[in-house]
Structures are given as structure tokens and as C-alpha cells.
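Colleague: I have the model open and would like to know what stands behind the words you use for it. Please set each value against its definition.

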Amino acid sequence: LGMKFHSRDEAREVIKTHCFRRGKSVSFDKIESLRVVAYCRTVVGCPWFVRIARSKNGGPWQLRCMNEVHAEHCGWDHIGKSIKSSWLAKAYLKKIREDPNMKPKTFRKVMSTSLNVEISKYAAYRARKRAINIMHGHHMEQFNRIYNYLAEVKRKNPDVRCVMRVQPSARVKKQFQRLYFCFGACRDGFLVSCRPLVGLDGCFLKGSFEDELLVAIGLDPNNSICPIAWAMVEGENKSSWTWFLNLLKFDLKISEENMRDFTFMSDKDKGLTPALQMLFPTSHFRFCVRHLYENMKKKGFGSAEVKMALWMAARATRQEIFNSRMAELKELNKDAHKWLEDKPPQQWSRAFFDESVKCDTLLNNMSESFNSCIIEARGQPIIQLFETIRNLVMVRLQSCRENAAKWSGGLCPRITQLLEKSIAATKRCSAAVCNDGVWQITDCNDSVPEQFIVDLVQKSCSCRRWSLTGIPCGHAVKAMWCSQKNPSDGVYEYYSVETYKKCYAGTIFGIDSYQYWPAVDKPALIPPLDRKKRGRPKTLRKRAAGEPPPGLGRKKVKGTSRPMKCKRCSQPGHNSRTCK
């Protein structure tokens, strides 16, 4: 008796904690301006109660009267009928701080074990969500601090470019629409050391407003992802992509003179193609072949034979081989060939790729890899989302610098592995010299030997693999060996360790917690319109037909290729119920 509390809410929380930790249910029958009365509701007739009150002159809340004795048959409440998600969120906030990515199933197990009470999965889900909101701030609350956050980021990283677009509103406050980030360390690293190839992609966010995240990713000298810029927009459309690409064009210093040197790769997202054609009319464009095949399947050309023919045409490095593969596809399926003919081969086949880029990738994996790295952050509030991305890139820059300091040799590890594959391919090659620096190489890989011309001065092979990738092919390695030259000398400077160190020479600096952010004399922003649909939020993307579900990887889905067969007439295409 006599215990004091600062407020009525504090007194209620203390009573709940006292009861729930001891396996008792509690209810508050009287919550008035001057007193709070709580009773034990574990069993009917239990005499335990607590009364807390405050004086009329506004003194502190104080424990005035209580009965500590429970009924003899008042046992442990394993159901926890009075435990709410709001109390669970506050009680287990420390657990969420230690592991913010804890799954609701694991969170439920932790709570049920410590309280010896069965917590429902829905209560665990709500409690985890409430705890995250307490820790990071609610989605709508973080828009009140967005100007302060941008000022803090610019204060610690003066070379960063943050551009925010707001919509005029009838109210005094303006409404948030878009936010763009491009750190100087990422921008300068790409311009100094990376090939002029930019992967573009967008992914949906899982927060309250269902916005989209647009990203621009490059390839570093080790053929790993190199984040350049990212932005939160209201959705994927021509307007948002044009806004994003305009900012990216300025940061990458793309002008009319050097525009032709750049290649952009995408999945043909909504509004992206017209935006690219408008802003970069002379640049080169590539389309992810995997998504190209997905579009073919939607048109009814999804057989394994068509897929094999498509990939063989895409991997062809010479136009003669490409034409041969397309002729094979025409014999296999004329409609699929006609559909594919409408797609410019410069966008999806190596036979028509620009050789100056020194990259022959057919997939937009660089952008999708970055999106998979931030999959947990995509459900966070806006400031926490951008902080997670900044921390990820910041730590990656330092990690890459530390790895580069340990590397021995002049080439990056992945490039060394590719060169070793070319060296292994020389076993089936024989060489004949034409003149100084020019060799004729006979490749006996297939049943019919093929001949190629290697020019060591121009660093080219008639198979075009050396020109496309910047890494000597097996034919080039054979010619270099016969000329008593080191194959690593034929690798372009893009792939050297020194170039890799230049890529990650910059630093992204951390920021202080929000209590120490600069004060900005601007009105708080109105959050975007809440477009969240009813029901439980969907966090998994819609998968294509025949695509394996999460967790199966490349395993085949059971029943996807099993034809329907009637048990009555043994004919395919229908079952016994519809048999005529």
C-alpha cells in the first residue's frame, strides 16, 4: 500500500504486468477521473482486487486499498483471455529491438513460453506490428520528421543529392509524393570505374500507402551489384519514371555527346520504355530475356522447345548463328517466330549487342538482387526504409574496401574464374599464325570444327565473345599462349583490382538519432493517400504460371506438366465428369 504512480495509464500497465506475469486475468470495472478499480477475472468469485486513487487537489496516483488473496480454485490462466496486443507490444519491445526481423511465429513462441499462456497467432501478429510502430514510429508520424531527416543526411553527407517532390494541397500542409536519393560515393564510384550499363527496376512497398521503390543499379569491376540511386514514388508510370530518369541523367552526367555510350537494361516496367525513349533517344536498350519468355508464355508459346530455341537465339554471338536459330524456331512454331520477330533483336540477343559496354548479360539480375536484399525493409515506414538502404550501402562500401585489400593479383576474383574457364577451353583448340598478332584458331568443340580469327592487336575474336565481355575467350587465350603472352593482359582495365578500389573509395557517413537532427522551419507533410486494400496485407508477389512457390527454388512444381486424361475413354484433354 502507498505505492505512487505518475499517471493513471502507468498504474493500469503496472497492474496488468503484475497479473499477467502471475498467470491471472484482470479487468478494470471502474476507470474514473479520480480512481481505478481492478478485479481478478481468472475464475468467478475470486476476492482479489486493487483500488488506486488520487486526491481532488491533483496529487499523484496512489495504491489505496487491495486484497492480495486469491480464491483457492483460482489457478493459472493458460488462455490469457485478458492479454491484449497493446500490452504484449510494450512488454516485448526489447525482443523486437534485438531482432527486428523476427517472424510472428517465432515472436508468438517467445511470448507463449515466457508467460506460460497460449497466445493466438493474430494477437502475436498485431503485437509485433505495434512494437515495430513504437520502435520506428508509425508510418504517418514519420512524415512529420522528413525535412529534419533530409537535413541531417545532407549535414553528414554534403555530396548527397536528395530531391523531394510534394503535391499542392488545399490545406496549409503539402502532401508527400516522391523522394530521390543519390549518394556521392555511389555516383562517383560508378562514373570512375563501372561500365556504362544501368539496370532499372521497380518493386512494390508493403507499407500503409502501397508506394513503389525505383532503383538504378550498375555492375562493379567484380561483376557484382553497384547501387547508384533509388527513389520512393507513388507508382510505376511514365510520369514517375520520367522524373526519376531526369534526376539520374543529371547525376550520371549524361549528355548528347556521351548518351550513345550508355546501355539501359530493364524488365519493361509500366511507363519505363516511353520514358527511356524520350530522355535517352540514342542510348542502347536491353530487355531481360527471362521476362521476354514470360510474355511469350502469356501469348501461348510456353513449351520447353520454344524456351530452348529462344535462349539459343539470345545466346548467339554472331548474326549468322542468330538467323539459324530463328529459322529453327520458325520450323518449330511459326506463330512464336512471328511474335518474336516484332521484338528488336538489339534488345535481347548478344549478336546485336553494343561491344563498347563490355557486358553480355541477358538478365536484369542486378536490379532484382538489390530488391531481394531490401525485402525486409520494404514494409518499414519511410524514414526507416531509407535508413535501412543507406546502412546497407554504407556497410557494403566498407566491406568491399576490406575485401579488395586482401586480394592478391591484378584481376578481381570472379573475373579470374571466368578467365580460367577460357583457359580450360583451349584444350580443344589448335592455332595457325597468319601474321604478327593475327591467328587462325580451329575449335573442335562440335562434330564439325569451326575456325575463328583472333587479332591480338585489336583485342578481338570473330566469335565476338572477347569484344562483348572484355575477357579473352578460349580462342584468344590459345593465340596469346602461342604468342608467349599472358592471358590476363588481354582483360580490359574495367576488371582490375585497382579499378575495383576506385569504385568503393567513397564513404557514406552515418547519422545521429532523431533527437539530434537539425530543426527545419517547414510545416509537416501530409502522408500520401492511404491506398491499402482491405484484409490481411499481401507481402508476396504474384508468381507467373508454372513458377515454383517460395522455398522450392528451381525445383519443379508437382503436376504443372501432367496432362489431363479421362478415366472413362482414356483420351487426353478432359476428365470423366465432362466426358461425352
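**Strands and sheets**

Colleague: How do you know that E14 and strand E15 (residues 450–455) are paired?

Modeller: E14 and E15 are joined by 6 bridges and run antiparallel. Two strands pair if DSSP finds at least two bridges between them, so with 6 bridges E14 and E15 qualify. One of the bridges has Phe-452 in E15 as the partner of Ile-441. Helices (H or I, at least four residues) and strands (E, at least two) are DSSP runs, numbered from the N terminus.

Colleague: And what are the ground rules for the coordinates and the numbering?

Modeller: This is a predicted model, in which local features need pLDDT of at least 70 and side-chain atom pairs count only at pLDDT 80 or more, while totals for chains, interfaces and linings use all residues. Residues are numbered from 1 along each chain as its sequence is written, and side-chain values use heavy atoms, with hydrogens and water left out.

Colleague: What makes E13 and strand E16 (460–461) edge strands?

Modeller: The open sheet has 4 strands in the order E13-E14-E15-E16, with antiparallel pairing. E13 and E16 each have a single partner strand, so one side of each is left without a neighbour in the sheet. Strand E13 (residues 429–435) is joined to E14 by 6 bridges, and the two run antiparallel. Ser-430 stands opposite Thr-442 in E14, and Cys-429 has Asp-443 in E14 as its bridge partner. E13 and E14 form a hairpin with 2 residues between them, and Gly-437 in the turn has a positive phi of about 90°.

Colleague: Why is strand E14 (residues 438–443) called largely enclosed?

Modeller: Because 5 of its 6 residues are buried. Buried means under 20% relative accessible area, exposed over 50% and partly exposed in between (1.4 Å probe, protein chains only).

Colleague: Why are H12 and H13 called oblique?

Modeller: The axes of helix H12 (residues 319–332) and helix H13 (residues 334–341) come within 5 Å and cross at roughly 135°. Angles under 35 degrees count as roughly parallel, over 145 as roughly antiparallel, 65 to 115 as roughly perpendicular and the rest as oblique. H12 and H13 are therefore oblique to each other.

Colleague: Which kinds of residue make up the contact of H12 with H13?

Modeller: The residues divide into 5 nonpolar, 1 polar and 3 charged. Ala, Val, Leu, Ile, Met, Phe, Trp, Tyr, Cys and Pro count as nonpolar, Asp, Glu, Lys and Arg as charged, and the others, Gly among them, as polar.

Colleague: Is Ser-240 buried or exposed, and how do you know?

Modeller: Ser-240 has a relative accessible area of 0%, so it is buried. It lies in helix H8 (residues 238–251) and touches Arg-178, Leu-214, Val-233, Glu-234 and Gly-235, not counting residues up to four places away in sequence.

Colleague: And what about Gly-470, buried or exposed?

Modeller: Gly-470 also has a relative accessible area of 0%, so it counts as buried. It sits in the loop between helix H17 (465–469) and H18. Leaving aside neighbours within four places in sequence, its contacts include Lys-358, Arg-465 and Tyr-492.

**Annotations**

Colleague: Where does UniProt put the SWIM-type domain?

Modeller: The unreviewed UniProt entry places "domain: SWIM-type" at residues 452–484. UniProt positions are given in the numbering used here, feature names are shortened, and annotations may be inferred rather than shown by experiment. Over residues 452–484 the chain is 42% helix and 18% strand.

Notes. Axes fitted to C-alpha atoms, helices over the stretch in contact; angles between N-to-C directions. Contact = heavy atoms within 4.5 Å.
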